[in-house]
Amino acid sequence: MAETLITAQGLVKKFDDFVAVDGINFEVQRGEAFGFLGPNGAGKTSTMRMIAAVSPISGGSLQVLGLDPMTEGPRLRSRLGVVPQENNLDDEITVYDNLMMYGRYFDLPRAFLKDRISELLEFVQLTDKAHAKVAALSGGMKRRVTIARGLINEPDMFILDEPTTGLDPQARHVLWDRLYRLKQQGVTLIITTHYMDEAEQLCDRLVVMDGGKIVAEGPPRSLIEQHTPRDVVELRFAVGVLETLDGQIEELSDRTEILADRALIYTSDAEKTIALVNERGMEPETVLARRSTLEDVFLRLTGRTLVD
Amino acid sequence: MATPLAFRVFEAEMLIYRRTWIGSVFSGFLNPILYLVAMGVGLGSLVDANLPEGLDGVSYLTFLAPGLLVASAMQTGAAEGSWKVLGGIKWMPTWNARLATPVSVHALTLGHIYWSAARVLMVSASFAVVITLFGVTSPLQALGTLIPAMLVGVAMVAATTAYTVRLKTFTGIPVYLRFVVIPMFLLSGVFFPLSQLPGWIHPIAWVTPVYHGVEMARSIALGTTPFIASWISALYLTAWIVVGTALIVRPLRKQLTP
């Protein structure tokens with residue numbers, strides 16, 4: 001029986017009249033990589049902030065590591081690692097000093113921190129930047145420093161809010177590789193993201209959020225299997241052509257989506273669908289057959305795309 | 001819990017300060033020298049020529065120096081409580097980062113007050129050294145003026161921070177510095193006795209922390225024994241510190257952990 005690290009029941013977060021999180025239920029087990037997938041404004045960050053005991057809950061109940069975030073905040077935070085969405089390192093001091101300063105907030109002894117910092121900088125591959133000012137680092141490097149910082153207290157649970165938003169593809173892959181290693185070491189990861197590839201790569205289990213509610217829950221693969229056919233054919237047309245095809249796309253399959261720039265046809269047999277497209281004399285500029293992803297699940301559940 | 005972690009916050013501020021300390025130590029000595037030369041010696045020679053018996057029985061330089069020391073403590077307090085705080089919660093949100101750790105809003109507030117007090121002490125101590133070098137007071141008297149300087153400086157930190165954490169945008173800061181701090185600097189008996197001003201200004205000056213500090217410092221530096229008024233002033237300034245600090249916590253919590 002796995003140990004439950006987070007239990008949320010009917011969890012609500014309100015800002016005055018605005019309901020950011022609207023009565024959600026979920027559980028996270030030790031050793032899991034658990035994801036919150038959803039577009040901006042879905043309530044992911046609000047949920048994370050409540051878990052990390054930096055935002056009071058407005059309703060329902062929440063238990064994290066067996067503690068109440070509302071009344072045992074400092075004790076709970078001493079066992080969490082947090083990577084916030086917004087970079088809040090001190091730009092004007094060195095990487096080493098940032099980590100030392102942060103470690104001291106946990107009341108950890110300097111001698112311990114000295115070793116821990118060199119260990120962590122090695123882990124995030126920034127040993128040679130230890131004495132560089134944070135301001136001089138690239139976005140990807142700053143993120144890695146923030147990850148090292150979040151791990152300084154050997155946390156029981158590591159919380160990352162949009163860890164790769166705003167990073168270039170190469171920096172994202174370096175980061176994913178590091179997070180994957182943590183996962184293999186058995187660190188419990190909580191990740192929010194609006195990138196479906198990130199969620200698919202890193203998460204064992206995830207919830208899909210939209211408008212403050214959880215609209216689906218499960219491992220990425222089974223969510224895809226449950227909610228959408230196996231294959232997708234994407235058709236792109238020259239500007240203006242899509243609008244003239246009224247009705248014809250929808251006849252190709254039980255499930256189609258017309259987006260601003262392309263049409264998606266969900267099917268169990270991509271080749272057959274493409275043959276049908278040619279037979280009907282449609283002339284798309286490009287035809288792409290691919291496997292369904294979480295993006296398609298999200299589209300199915302909410303009628304909207306994840307990243308606008 | 002809050003107390004030891006407040007010292008960790010203090011420690012962090014010290015680490016950050018190390019980066020800029022040379023410039024700040026330099027200006028810590030340069031400012032008082034400039035002011036005392038220009039106002040105390042330059043302007044002072046004209047004042048003294050008109051007042052053979054002196055101002056309050058002493059030369060203008062001697063009259064001016066203790067008050068100016070307290071005024072510089074006040075300005076340090078105002079700066080630490082305004083731009084510094086706004087920086088930590090808005091521009092480079094390092095205060096948010098602290099709250100993700102066991103540091104609580106209480107510890108954060110106290111750590112900020114402790115560190116600002118240390119800054120006030122640094123600025124006031126270098127001022128006291130300069131005053132002694134100018135021969136205005138004995139070293140012991142100069143040391144004594146640090147007490148009102150600290151009280152005023154920390155009262156200003158607490159009150160200013162309580163104001164800053166209630167601001168939605170930064171525009172409230174220049175307004176405060178221009179229309180509250182500068183008038184206090186000019187009209188609280190630092191440059192001339194309050195009796196030179198129209199009577200309706202007096203009650204306003206009595207309310208300000210800096211007036212009480214200036215009176216205390218002058219009484220210490222001019223060798224008059226601390227009379228009952230000094231004790232009342234000290235109590236009054238302590239109340240500013242306690243009430244100001246208490247008024248920081250709630251809005252800061254609302255700002256940083258909504």
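Two strands are said to pair if DSSP finds at least two bridges between them. With that in hand, I begin at a hairpin in chain A, where strand 11 is joined to strand 12 through four residues. Strand 11 covers residues 255-258 and strand 12 covers residues 263-267, and the two run in the antiparallel sense, paired over four bridges. Within this pairing, I258(A) stands opposite A263(A) of strand 12.

Please keep in mind that what you see is a predicted model. For the complex, the predictor reports an ipTM of 0.88 and a pTM of 0.90. Chain B has an average pLDDT of 92, and 98% of its residues score at least 70. Among the elements of chain B, the highest mean pLDDT, 97, belongs to helix 7, and the lowest, 89, to helix 1.

Chain A contains 11 helices and 13 strands. Its C-alpha trace spans about 75 × 45 × 40 Å along the principal axes. Of the 308 residues in chain A, 43% are buried. If we take the contacts in chain A with a separation of 6 or more, 70% of them are between residues 24 or more positions apart. The domain assignment divides chain A into domain 1, residues 4-217, and domain 2, residues 229-291. The centres of these two domains, taken over C-alpha atoms, are separated by 39 Å.

In soluble globular proteins, nonpolar side chains tend to be buried together. Here the largest nonpolar core has 140 residues, and those with the most contacts inside it are I159(A), together with L69(B), V70(B), V152(B), A155(B) and A158(B). Which element supplies the largest share of this core? It is helix 7 of chain B, residues 139-164, with 14 residues. A second, separate core has 11 residues, among them L235(A), I249(A), L252(A) and L264(A).

The contact between the two chains takes 23 residues from chain B and 23 residues from chain A. On the side of chain B that touches chain A, the elements giving two or more residues are helix 1 (2-17) and helix 5 (94-99). Helix 1 of chain B gives the most, with seven residues. By class, this side of chain B comprises 14 nonpolar, five polar and four charged residues.

Back in chain A, helix 1, residues 44-51, deserves a moment. Is this helix enclosed or exposed? Eight of its eight residues are buried, so helix 1 of chain A is largely enclosed by the rest of the structure. The buried residues include K44(A) and R49(A), as well as M48(A), M50(A) and I51(A). Just after this helix, A53(A) adopts a positive phi of about 60 degrees.

That brings me to backbone angles. Most residues other than glycine have a negative phi. L65(A) lies in the loop between strand 4 (59-64) and helix 2 (73-77) of chain A. A residue is counted as buried if 20 or more other C-beta atoms lie within 10 Å of its own. L65(A) has 20 such atoms within 10 Å and is therefore buried. Apart from residues up to four places away in sequence, L65(A) touches L5(A), L76(A), R79(A), D156(A) and M157(A). L65(A) and P229(A) are 164 residues apart in sequence, and their C-alpha atoms are 38 Å apart in space.

E154(A) also has a positive phi, near 45 degrees. The loop that holds E154(A) runs between helix 5 (139-150) and strand 6 (157-161) of chain A. Is E154(A) buried or exposed? With 11 other C-beta atoms within 10 Å, E154(A) is exposed, whereas L65(A) is buried.

Definitions and conventions. Residues numbered from 1 in each chain as written. Chains lettered and ligands numbered in written order. Predicted model: local features only at pLDDT ≥ 70, side-chain atom pairs only at ≥ 80, totals over all residues. Domains from an automatic or database assignment. Core = buried A, V, L, I, M, F, W, Y, C linked by C-beta atoms within 7 Å. Buried ≥ 20, exposed ≤ 12 C-beta atoms within 10 Å, placed from the backbone. Contact = placed C-beta atoms within 7 Å. Nonpolar A, V, L, I, M, F, W, Y, C, P; charged D, E, K, R; others polar. pLDDT = per-residue confidence, 0-100.
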